[in-house]
Amino acid sequence: MDFGPHLILAILEGAVGASVLALTALGLSLVFGVMRVVNVAHGEFFMLGAVIAWFVATSIAGHPAIGFLAALVIAPLIAGAVAMLVDRLILRNVAYDPEATIVGTIGVLYILQQSTLMIYGPEARPVEPPFSHRIALPWLEWGENGLAFYFPWGLSITSYKLFVIAAAVVILMVFWLVISRTRLGLIMRATQMDRETALAFGIPVQRVYSIVFGFGAALAALAAVLIVPIQQAHYLMGHDPLLLSFIVVIIGGLGSVRGTIVAALLIGMSDGIISVFLSPTLSKIIATLLVAIVLVFRPQGLYGKKMA
Amino acid sequence: MNLDARSAALHLGLIAVLVALGFVLPTYHQGNLARILVLATYAVGYNVLFGYTGLLSLGHAMFFAAGMYGCGLAMHLGGISVIPALVVGLISAVVLSAIVALLALRTIGVAFMIVTLMFAQSVYLTVLYLGEWTGGDEGFVIAQASRQIAGYALTEPLTRYFAALILFSVSLLITARMMQMSFGRVLIGVRENEERTRMLGYDVFRHKLGAVIISGTICGAAGAGYAVLFGYVGATFASVQYSIFPLLWVLLGGMGTTIGPLIGVAFMFYLIDYASGLTNAYMLIAGAALVLLTLFARAGIVGEIRNRWVPWLP
């Protein structure tokens, strides 16, 4: 393939990665923004979503689309419920102290990951996509008869991947509507701005925290259900999304929703594009070092306010 | 007895018990204890920063790995003998910890944890990327014949045990002495109240810088010791898991106590040893321990003993 078609392919793959990353990172960002809690177990809720999707999809017979739709509902619900339990049993009891919550969620990370290893096993298992058509993409080239369309070999995308991008956009819009236009969103934003005042105005801050923590985990699980027909479900798959989400949330500015989405597009796309041309390990090294440097010299990120 | 004499008696007594154990333990447990002593050295180094200075790092595996790869590669590729290789390992750890300290100490709190995590992650990925020399995930084995000091083979169990004990004792005595000197006192001041320490006229940044470098160097020494004594160098030791372990050990044993790290490592080592016989998901134990510690015993084993019964414990 020539450079042009190659680049288009890299951009499309990058867009799939970026849309899933945006959903995952948004969950992390929401939890940090409202609760000031760094949820190190966030990647495991992502993994949980994918594994539950496999269980649901294999236990429902019939067309793969039915199982997939069921997983789309069930996986976020279960992951959210587990997260609310974690909030209730652990985070609340350490009074959301920053260091204690980090150590506690590291513990939750291993508990979820290793329990999955015991129940689900060490294999990577695929989930069948609800639909998957190969769509060949045209490319323009200056040929003998002037400008001409042709379909280069290998330049194609599946309809499912396009669906993932569209679904992520829809979910992001719904999320934005919930945050900015509903009562629940108002309460969340009030709690984020000033916990004490919110409490004084009769907002049940404790319950808001539970809901936000569950909501964050559900977003990660939803992202995982979307990606699991492309990647396989595996008990260690939470590691990379966690790291990338951290990177996105830091670059975007801790707790800023707009910054998170912009950064997710930036990181997801460049990760997709760079790893086509450079070794993926090298691109990861560069990315992690860059993030560390950003955090050292500009801790508030691109859009965030200075944190205490 | 005054406090300093009591703590000296405690530490020398502990070392005497460990010397005696070297002669009476069966070979299996002797090997385990040698490994525990090297890992406890790692925990002692971590404790300097986390327990005494109050800085929570999530990236100490990079210092352990710096010592391990510095020493291991010097022997494996450079073909030099044990003592100079250990020096190479130590120098690598000093250099890396100085660089990391200068950058990471500009941040505080949660940002410090994430910055150290990111630096450690890039060190880990670099080890994988340079797989041609480091062997990547699989790592490499250091030739048995080269693992000897002045004719004493470090592969021989009893010699290895005492080499590990010397490494641990030196780091234990250095940190215990350090915490009695004014430098160590200032570190505790930084942990308790950084603003007040600064107001009293101490250069907080210089003390934190010193703490990171001392902590990183002791961890590097543990890594170099591990490479020489057990002859294996692998990328696992640079992974996130090995940054979490010292945190777990120190929390379990008791942060800010001199003997806590050893107690924590020994406890966790045998717990994981037992659990891995039952299931391959033995890290479940580590996860549960972390959660239970944050919920119920923030002071750890030795810390709780100190709070309840023996207030003079160093």
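Contact here means heavy atoms within 4.5 Å. On that basis, chain B puts 39 residues into its contact with chain A, and chain A puts in 40. This is a predicted model, where local features need pLDDT of at least 70, side-chain atom pairs count only at pLDDT 80 or more, and totals for chains, interfaces and linings use all residues. Residues are numbered from 1 along each chain as its sequence is written, and side-chain values use heavy atoms, with hydrogens and water left out.

Together, chain B and chain A bury about 3,400 Å², with 84% of it on carbon and sulfur atoms; buried area is the accessible area (1.4 Å probe) that two parts lose on being put together, summed over both. Of the area that chain B buries against chain A, 17% comes from B:Met118, B:Tyr129 and B:Leu284, more than from any other three residues. As for salt bridges (a side-chain nitrogen of Lys or Arg within 4 Å of a carboxyl oxygen of Asp or Glu), the count between the two chains is one. It pairs B:Arg298 with A:Asp97, whose closest N and O atoms are 3.5 Å apart.

Within chain A, helix 2 (residues 42-59) and helix 3 (residues 64-91) have axes that come within 8 Å and cross at roughly 140 degrees. That makes helix 2 of chain A oblique to helix 3 of chain A, since angles under 35 degrees count as roughly parallel, over 145 as roughly antiparallel, 65 to 115 as roughly perpendicular and the rest as oblique. Residues of helix 2 of chain A, including A:Phe45, A:Leu48 and A:Ile52, meet residues of helix 3 of chain A, among them A:Ile74, A:Ile78 and A:Val82.

Notes: Chains are lettered from A and ligands numbered from 1 in the order in which they are written. Axes are lines fitted to C-alpha atoms, for helices over the stretch in contact, and angles run from 0 to 180 degrees between N-to-C directions. Helices (H or I, at least four residues) and strands (E, at least two) are DSSP runs, numbered from the N terminus.
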